[in-house]
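Look at the model first, then read the points below.

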Amino acid sequence: MATAEVALQLYDGAGPQFWGSNIGYRKSGSSFPCRSFERCRKKRVLKSMKSLKCLSSSCRGIRIHQFPCINGVSHRYAVTDKFGLSHCQCQSADNVGGLTAESGNGTWFVDNAKDFNSTNGNVRNFLELGAVKELKHDKELHHSNGNPPSDKTIQDGMNKGKSSFIENEAWELLQESVAYYCGSPVGTIAAKDPTSSSVLNYDQVFIRDFIPSGIAFLLKGEYDIVRNFILHTLQLQSWEKTMDCHSPGQGLMPASFKVRTVPLDGDDTATEEVLDPDFGEAAIGRVAPVDSGLWWIILLRAYGKCSGDLSVQERIDVQTGIKMILRLCLADGFDMFPTLLVTDGSCMIDRRMGIHGHPLEIQALFYSALLCAREMLAPEDGSADLLRALNNRLIALSFHIREYYWIDMKKLNEIYRYKTEEYSYDAVNKFNIYPDQISPWLVGWMPNKGGYLIGNLQPAHMDFRFFSLGNLWSIVSNLATTDQSHAILDLMEAKWADLVADMPFKICYPALDGQEWQIITGCDPKNTPWSYHNGGSWPTLLWQLTVACIKMNRPEIAAKAVEVAEKRLSRDKWPEYYDTKRGRFIGKQSRLFQTWSIAGYLVAKLLLANPGAAKILITEEDSELINALSCAICSSPRRKRGPKPSQKTYIV
Ligand code: GLC
């Protein structure tokens with residue numbers, strides 16, 4: 001349905017009511033019936049006897065927390081045991097109760113995702129077959145013209161063989177990293193490094209780390225693991241979480257979770273599996289992962305697009321989950337900017353690196369998640385305000401980023417000549433940026449052709465560092481304009497030696513050094529210059545690079561990067577990150593067999609072989625947004641002072 005239509009219907013309150021949370025709520029009673037939870041219990045003595053048991057008596061020992069109604073919706077629950085300790089009831093995803101959009105009458109959702117699996121081919125086999133066919137074809141060609149194969153042809157053939165060997169290894173390793181809960185695959189652990197003495201939390205399923213794994217599985221036609229992941233993490237969203245008596249917002253998704261086997265209450269001979277989430281209360285630095293919920297929405301859309309199974313996103317509990325994330329992100333605060341204000345370390349860079357404020361990575365994911373959610377939210381009365389807020393935010397956010405985060409030679413020169421201390425409504429230098437802030441490295445680094453979105457913008461502060469993930473995802477999500485997106489790729493090509501060199505892809509450029517490093521990172525020995533988050537090279541970024549290049553119809557850039565990575569990744573045992581300015585060394589504290597390095601490579605390969613599949617991740621600009629945006633641009637930067645115009649909202 002066109003966005004304009006949706007808005008009009010919402011505005012009129014006359015939207016089609018396929019279902020509504022109110023209806024579902026009324027029909028299923030004022031509170032959820034005491035449901036029987038499936039618990040995964042195992043007799044210790046009979047280790048092999050792993051059984052899924054549905055014990056209705058579980059309800060007796062469990063407090064079910066109903067969360068306050070959000071516009072009359074109250075469908076989420078979390079459980080605590082009799083001691084008040086949070087733990088997850090082991091439910092198989094198939095039985096994680098939900099109502100389909102159509103039913104809305106209390107019928108439990110019946111799983112049908114499995115059917116999709118059987119009808120889909122195995123992408124890996126298809127690709128391998130493709131490579132073999134090409135080799136055969138090469139061979140035939142040589143025979144037909146009577147000439148022996150040239151050195152180049154032999155080399156190409158060998159490279160193809162080598163790359164399919166690497167792919168096979170990657171698939172095996174990815175499979176080995178799968179975490180099971182009650183016998184079902186629910187995610188992949190961050191790393192399975194046999195050489196590392198301290199596991200830390202790398203044996204957990206990280207939400208952000210699972211995204212490339214999930215995409216790889218989707219592209220391969222293995223949908224169950226993604227579906228289970230989506231539904232189980234959704235259950236964790238409602239968890240009671242506190243740190244020193246303080247609870248973060250309800251829509252928060254965990255950074256990671258671990259499948260634990262614990263002794264069963266009152267039975268010495270049995271164990272049960274529980275999902276133990278970490279919302280940042282145990283994480284190093286105690287940061288809440290803002291990106292988790294945003295990635296979750298992006299993956300949910302990709303799942304629907306790839307599998308064709310829309311029943312997951314239509315479930316009431318999933319719809320409520322989306323709304324909870326949105327409400328948390330769209331809540332009013334003290335902000336003057338439409339960008340999301342977050343603390344340092346709340347995304348892929350999860351420790352102090354001076355990215356607090358409005359980091360680009362979060363803004364790109366936020367924008368992407370808003371667009372994905374808009375596509376998936378079922379129109380209903382209760383969502384009109386939310387949809388309106390979402391649309392207004394999309395417009396304001398894209399204007400803000402495109403206008404104020406963009407930098408190229410021309411803009412740099414403008415900043416260089418900025419006047420400061422402009423008190424007025426029509427200031428050009430709105431954020432009072434002092435030209436002296438332009439770092440000397442940037443003056444030499446900025447290519448004549450190309451540009452990028454800066455890392456962060458605050459009053460009197462522009463963080464000029466180039467952050468890869470934010471720039472790549474701005475292309476994918478369409479947060480950057482088409483021209484800007486091409487310019488970002490131009491810059492990547494021009495600065496290949498800095499951003500790719502011996503291993504794709506630098507997480508940020510340049511590294512913090514000297515006193516700046518001391519002050520900003522707090523002397524973090526893991527984030528020394530050109531290491532880890534401080535200018536280290538992360539192979540996982542290959543997949544985002546590939547999606548961005550495919551979107552702009554320039555896949556050859558990604559193919560070149562994959563070729564560089566392929567030379568070392570398997571040989572080096574799939575490191576988490578590389579160190580030094582050119583990415584020559586395996587990172588000082590880098591894990592080996594890091595799952596998202598493996599999955600990132602696989603996704604890049606799968607998408608390059610089948611670029612059309614990238615559309616499950618890409619969002620295109622829609623014309624209503626463009627129109628509303630051009631209105632915003634026309635009225636800026638010289639906005640006249642005066643009374644607030646009467647309710648000028650952009651309803652798209
Ligand atoms: C590191 C990364 C983080 C990742 C985690 C698990 O802490 O910074 O983004 O999720 O490792 O791999």
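The ligand is surrounded by Ala190, Tyr202, Phe206, Arg208, Asp209, Met348, Asp350, Tyr532, His533, Glu576, Gln594 and Trp596, each with a heavy atom within 4 Å of it. This is a predicted model, where local features need pLDDT of at least 70, side-chain atom pairs need 80 or more, and totals for chains, interfaces and linings use all residues. Residues are numbered from 1 along each chain as its sequence is written, and side-chain values use heavy atoms, without hydrogens or water.

**Ligand site**
- The shell divides into 6 nonpolar, 2 polar and 4 charged residues.
- His533 places a side-chain N or O atom 2.6 Å from a ligand oxygen.
- Arg208 has a polar side-chain atom 2.9 Å from an oxygen atom of the ligand.
- For Gln594, a polar side-chain atom also lies 2.9 Å from a ligand oxygen.
- On its own the ligand has 310 Å² of accessible area, and the protein covers 96% of that (Shrake-Rupley method, 1.4 Å probe).

**Helix H9**
- H9 spans residues 290–307 and has 18 residues (helices are DSSP runs of H or I, at least four residues, numbered from the N terminus).
- From first C-alpha to last, H9 reaches 27 Å, close to the 26 Å expected at 1.5 Å a residue.
- H9 is largely enclosed by the rest of the structure, because 15 of its 18 residues are buried (under 20% relative accessible area, 1.4 Å probe, protein chains only).
- Just after H9, Gly308 takes a positive phi of about 80°.

**Leu387**
- Leu387 sits in helix H13, residues 384–405.
- Its relative accessible area is 5%, so Leu387 is buried.
- Leu326 is 61 residues away along the chain, and its C-alpha is 9.7 Å from that of Leu387.

How values were computed
Helices (H or I, at least four residues) and strands (E, at least two) are DSSP runs, numbered from the N terminus. Buried means under 20% relative accessible area, exposed over 50%, partly exposed in between (1.4 Å probe, protein chains only). A polar contact is a pair of N or O atoms within 3.5 Å; within protein, one must be able to donate a hydrogen and the other to accept it, and residues adjacent in sequence count only if both atoms are side-chain atoms. Ala, Val, Leu, Ile, Met, Phe, Trp, Tyr, Cys and Pro count as nonpolar, Asp, Glu, Lys and Arg as charged, and the others, Gly among them, as polar. The expected span of a helix is 1.5 Å times one less than its number of residues.
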